[in-house]
Amino acid sequence: MSKITEYVVNPDEIYLDDVAELSDALKATDVRRINAVLLRCVTDIDGKPIERIKASHAVKLATRILEAVNETTAGN
């Protein structure tokens with residue numbers, strides 16, 4: 001049985017520099033850099049800091065964060 005992990009992005013903990021670094025890391029497919037940024041601004045569903053994120057989860061989560069930022073900024 002596989003464990004389902006849910007992540008929560010705390011908007012108070014993600015900064016413009018983080019978004020820029022996520023974007024650059026995704027373009028370079030640098031999962032270590034993506035993970036480093038996500039570990040600073042993502043918690044588990046209970047609000048506890050996470051220690052590790054699977055590479056596939058990290059890339060999907062980073063992509064979703066950037067999509068959300070683009071949608072938000074496009075609306076302004």
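Which residue forms a salt bridge with Glu-21? The partner of Glu-21 is Arg-40, and the closest N and O atoms of the two are 3.5 Å apart. This briefing describes a predicted model of a protein with 3 helices and 2 strands. It begins with the overall form, then turns to the salt bridges and to several individual residues.

**Overall form**

- Read from the N terminus, the elements follow the order β-α-α-β-α. The radius of gyration is 12 Å, close to the 11 Å that the globule rule gives for 76 residues, so the protein is as compact as a globular protein of that length.
- The C-alpha trace spans about 40 × 25 × 20 Å along its principal axes.
- Of the 76 residues in the protein, 26% are buried.
- When contacts between residues at least 6 apart in sequence are considered, 61% of them join residues at least 24 apart.

**Surface and charge**

- The protein exposes about 5,600 Å², and carbon and sulfur atoms supply 52% of this area.

**Salt bridges**

- Side chains of opposite charge can pair when their charged atoms come close.
- The count of salt bridges in this model comes to 2.
- One of them joins Arg-40 to Asp-18, with the closest N and O atoms 2.8 Å apart. Arg-40 belongs to helix α2 (residues 31-41) and Asp-18 to helix α1 (residues 16-28), so this pair ties together parts that are 22 residues apart in sequence.
- The salt bridge between Glu-21 and Arg-40 has its closest N and O atoms 3.5 Å apart. This pair also links distant parts of the chain, with Glu-21 in helix α1 and Arg-40 in helix α2, 19 residues apart.
- Through salt bridges that share partners, Asp-18, Glu-21 and Arg-40 are joined into one network.
- Glu-21 is partly exposed, with a relative accessible area of 25%. Arg-40 is likewise counted as partly exposed, at 45% relative accessibility.

- Ile-65 is located in helix α3 (residues 55-74). Its relative accessible area is 8%, and Ile-65 is buried.
- Apart from neighbours within four places in sequence, Ile-65 is in contact with Val-9, Ile-14, Leu-22 and Leu-38.
- Ile-65 and Arg-40 are 25 residues apart along the chain, and their C-alpha atoms are separated by 14 Å.
- Ile-14, one of the contacts of Ile-65, is placed in the loop between β1 (7-9) and α1. At 18% relative accessibility, Ile-14 counts as buried.
- With neighbours within four places in sequence left aside, Ile-14 is in contact with Val-9, Val-19, Leu-22, Cys-41 and Ile-65.
- The C-alpha atoms of Ile-14 and Ala-28 are 20 Å apart in space, and these residues are 14 apart in sequence.

**Two threonines**

- Where does Thr-43 lie? Thr-43 is found in strand β2 (residues 42-44).
- Thr-43 counts as buried, at 18% relative accessibility.
- If residues up to four places away in sequence are not counted, Thr-43 touches Glu-6, Tyr-7, Val-8, Lys-48, Pro-49 and Ile-50.
- Most residues other than glycine have a negative phi. In Thr-29, phi is near 50 degrees, a positive value in a residue other than glycine.

Methods: Residues numbered from 1 in each chain as written. Predicted model: local features only at pLDDT ≥ 70, side-chain atom pairs only at ≥ 80, totals over all residues. Heavy atoms only, no water. Helix = DSSP H or I, 4+ residues; strand = E, 2+ residues; numbered from the N terminus. Rg over C-alpha atoms; globule rule 2.2 N^0.38 Å. Buried < 20%, exposed > 50% of the residue type's maximum accessible area, 1.4 Å probe, protein only. Contact = heavy atoms within 4.5 Å. Areas by Shrake-Rupley, 256 points an atom, 1.4 Å probe, with all protein chains shown as cover. Salt bridge = Lys/Arg side-chain N within 4 Å of Asp/Glu carboxyl O.
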